[in-house]
Amino acid sequence: MRKHKRNRENPGLGLAGWIVSLVQAVLSVLVIVLIWRLGMLPTLVLAGVVVVLAVLWVVCRLLMGKAHRKPRFYVGFVLAILISAALCVSGLFLNRIGDTLRGMTGAEYETTEIGVYVLADDPAQTITDAADYTFGILGVQAREETDQVVKEINENLGSAIATVEYDDAAALAQGLLDGQCQAILINEGFLGVITETEGYESFADQIRELDSYSLQSAIEQPETESDSLPEGVFTMYISGIDVAGDISTRSRSDVNILAVVNTNTHQVQLINTPRDYYVPLSISNGVKDKLTHAGIYGVDVSKDTLGMLYGIDINYYFRINFSGFQELIDALGGITVNSDVEFDAGGYHFDQGANTVNGEQALAFARERKSFASGDRQRGQNQMAVITGVIQKMQSPAILQNFSQLMDGIEGSFESDMPYELMSELVRDQLSGGGSWNVASTSVDGTGSTASTYSMNQPLYVMIPDEATVDHAKTLIQTVVDGGAASN
């Protein structure tokens, strides 16, 4: 009788215990589902997580099973609350990680920004003010996008604007400066091409944007299987851009790296191609251009152009925006970059060897090229050093600090058309089988010169390929494809 009386005296505790147990059970199931949806843990590890969470629930339930035994009940009650709190935080982390990675992978579209520009002192403030102007446009390059914008302008105005065609971006710029046209329509990626042309260095300061139009273009879906590559081998084009806009915006690519990955042998061969390499673009019918200009026409053009150069199918692309790195690096609390040389850039001094940098310093480090005799080749190496520094820091406990800011930096700095399922499979296989990876890198070389290009009929600095280094790169690629070791 005394036992039943004590039970009846604590109905509130018993109910509270069951409520906490229910919350713990729901959160446990939720975390298991989130881990399963990530798809990165091997089956045995996932099963272990299920068992551990089940055991913890049973232990807490047993401790709270006798509400009249208050010390024991309170231990179980507090333990269940602490476990539930940890599960809640873990669920938020897992959900954010999954959303971020899914947003970063499986890209289907990229954006082309078409700007309408007039001279800086032009009185027009809107497109309507410029309705009677003659608009200069490019006759061939990016013509499809230009025609779309002309059509949209005509529909908005209710009348057709007058247009005049130019052969290249420099001629288009000169037409505006000379008054042959009063406004120009141009892919904003071409502005950098114009300002790197002799005589047009100050063009950006001479014009003003009147309006802009964003156009979405479908990215060619990747081939997950290729007749030219054995099972377990894939290739990826790594593009390094430096733009203030969205990661999906078409722009020149400053870093162009081909990664050949053999998951069977754990070998990765990296081939760096200088941005000024003078090669035919995949859309230029054999006319040569600087490799960096390929990005203006879309990531598919860059990918296919490198595929033509090295004679290999490229399955995926991975794009990195160095401008977006600043927030990411600050969220990590800074990174360490290794410099081959001592130099100054952006008001900062960098020593030969290891340098600890914040986001702003890392961006200055990655952007500099004029301080080096090798120019863009050294800049490419420095940008790879920044990437390496970020990867190394993300393996430390620093990733748990400023978590939300860290995820924001990742979302704005990386994009890939690799399917999420393949990425999670690679992680899962690595966790299952373990083993280290051999990563080796090399760079093709060439000789500096000047030549007209597909994008500009003006003499520009280009790098004439050293075919011996290209052939050597092809040999290294084939070695990894065939199961051999990557090498420098």
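Student: Why is C60 called buried?
Tutor: C60 has 0% relative accessibility, and buried means under 20% relative accessible area, exposed over 50% and partly exposed in between, with a 1.4 Å probe and protein chains only, so C60 counts as buried. This is a predicted model, in which local features need pLDDT of at least 70 and side-chain atom pairs count only at pLDDT 80 or more, while totals for chains, interfaces and linings use all residues. Side-chain values use heavy atoms, with hydrogens and water left out, and residues are numbered from 1 along each chain as its sequence is written.

Student: What makes C181 buried?
Tutor: The relative accessible area of C181 is 1%, and therefore C181 is buried.

Student: How do you know that C60 is in no disulfide?
Tutor: The structure holds zero disulfides. For C60, the nearest cysteine sulfur is that of C88, 16 Å away, whereas a disulfide is a pair of cysteine sulfur atoms within 2.5 Å.

Student: Why are α3 and α4 called roughly antiparallel?
Tutor: The axes of α3 (residues 43–63) and α4 (residues 70–104) cross at roughly 150° and come within 7 Å; these axes are lines fitted to C-alpha atoms over the stretch in contact, with angles from 0 to 180 degrees between N-to-C directions. Angles over 145 degrees count as roughly antiparallel, under 35 as roughly parallel, 65 to 115 as roughly perpendicular and the rest as oblique, and α3 and α4 are therefore roughly antiparallel to each other.

Student: Which residues of α3 meet α4?
Tutor: L53, L56, C60, L62 and L63 in α3 meet residues of α4 including F73, L79 and I83, where contact means heavy atoms within 4.5 Å.

Methods: Helices (H or I, at least four residues) and strands (E, at least two) are DSSP runs, numbered from the N terminus.
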